[in-house]
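Subject: Structure for your review

Dear colleague,

Please find below the structure that I am handing over to you. I would be grateful if you could read the notes that follow it alongside the coordinates.

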Amino acid sequence: RSIKIMKMGNNEKFNRRALFGAALASAAVLPLRGSVTTPRQSPDFNMLYLSAAPKKLSAYRGTVCLVEFMFTTCQHCQHAAGMFSKLQNEFGPKGFQALGIAFNPMAHMLVPDFQRDFKPNFPIAYSERDPVLQFLGISAIERYVVPQVVLIDRAGMIRHQSAPTGTVELQDEAFLRKEIAALIAAPTPKPAVPARVPAAKTGAR
């Protein structure tokens with residue numbers, strides 16, 4: 001009986017080692033979560049408003065944009081909105097626009113209370129969760145925190161984006177002020193000019 005128990009113990013150890021090895025092998029081929037690639041071209045995003053027509057994020061092309069994807073009930077988001085209002089006052093006349101997009105459950109019902117209580121001086125839109133996660137490149141099963149902050153330059157390139165688990169610098173007023181000022185001062189991107197195609201030569205018949 002003792003020999004049988006010993007054999008079962010060895011088999012259990014073997015199985016655990018096999019499972020651990022398989023997990024390591026799968027980890028080698030799966031993409032690393034929690035990483036954000038910047039700069040990258042910003043996808044477009046449809047922002048919904050209660051008292052105005054929907055607006056595309058691409059409508060702000062040519063403006064430096066700081067976007068807060070937020071929960072209206074989140075204290076960190078509420079604090080960030082106050083900071084964004086200060087940045088809007090400072091940089092708005094120079095070609096900057098702060099934007100808020102609420103995506104917590106029933107956001108469309110909670111946005112008016114948020115605007116009344118915290119008085120942001122920039123637009124607060126609302127959205128369902130899935131379009132936000134798709135924009136941010138976050139899996140629906142991945143852990144993330146709010147606010148998620150994205151800084152977009154005038155050419156529509158995302159220059160900074162929060163990691164899913166948060167990025168301290170993107171909630172730091174001094175850091176954001178420095179980055180916004182640098183993007184505003186950067187030369188205006190020129191649109192790409194399509195190459196000319198030489199006209200085909202025709203010969204006499």
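The notes below concern the backbone geometry of this structure. Please bear in mind that the model is predicted.

As background, most peptide bonds are trans, and most residues other than glycine have a negative phi.

Cis peptide bonds

Thr38 and Pro39 are joined by a cis peptide bond, with omega at about -5 degrees. Pro39 belongs to the loop that runs between α1 (2-29) and β1 (40-41).

A cis peptide bond also links Val146 to Pro147, and its omega is about 5 degrees. The position of Pro147 is in the loop between α4 (129-136) and β7 (148-152).

Positive phi values

Met106 is not a glycine, yet its phi is positive, at about 60 degrees. This residue sits in the loop between β5 (96-102) and α3 (107-118). Is Met106 buried or exposed? The relative accessible area of Met106 is 52%, and exposed means over 50%, so Met106 is exposed.

Lys119, likewise not a glycine, has a positive phi of about 50 degrees. The loop between α3 and β6 (124-126) contains Lys119. With a relative accessibility of 62%, Lys119 counts as exposed.

When you inspect the model, the peptide bonds to look at are Thr38 to Pro39 and Val146 to Pro147. The residues to look at for phi are Met106 and Lys119.

With kind regards

Conventions: Residues are numbered from 1 along each chain as its sequence is written. This is a predicted model: local features need pLDDT of at least 70, side-chain atom pairs count only at pLDDT 80 or more; totals for chains, interfaces and linings use all residues. Side-chain values use heavy atoms; hydrogens and water are left out. Helices (H or I, at least four residues) and strands (E, at least two) are DSSP runs, numbered from the N terminus. Buried means under 20% relative accessible area, exposed over 50%, partly exposed in between (1.4 Å probe, protein chains only).
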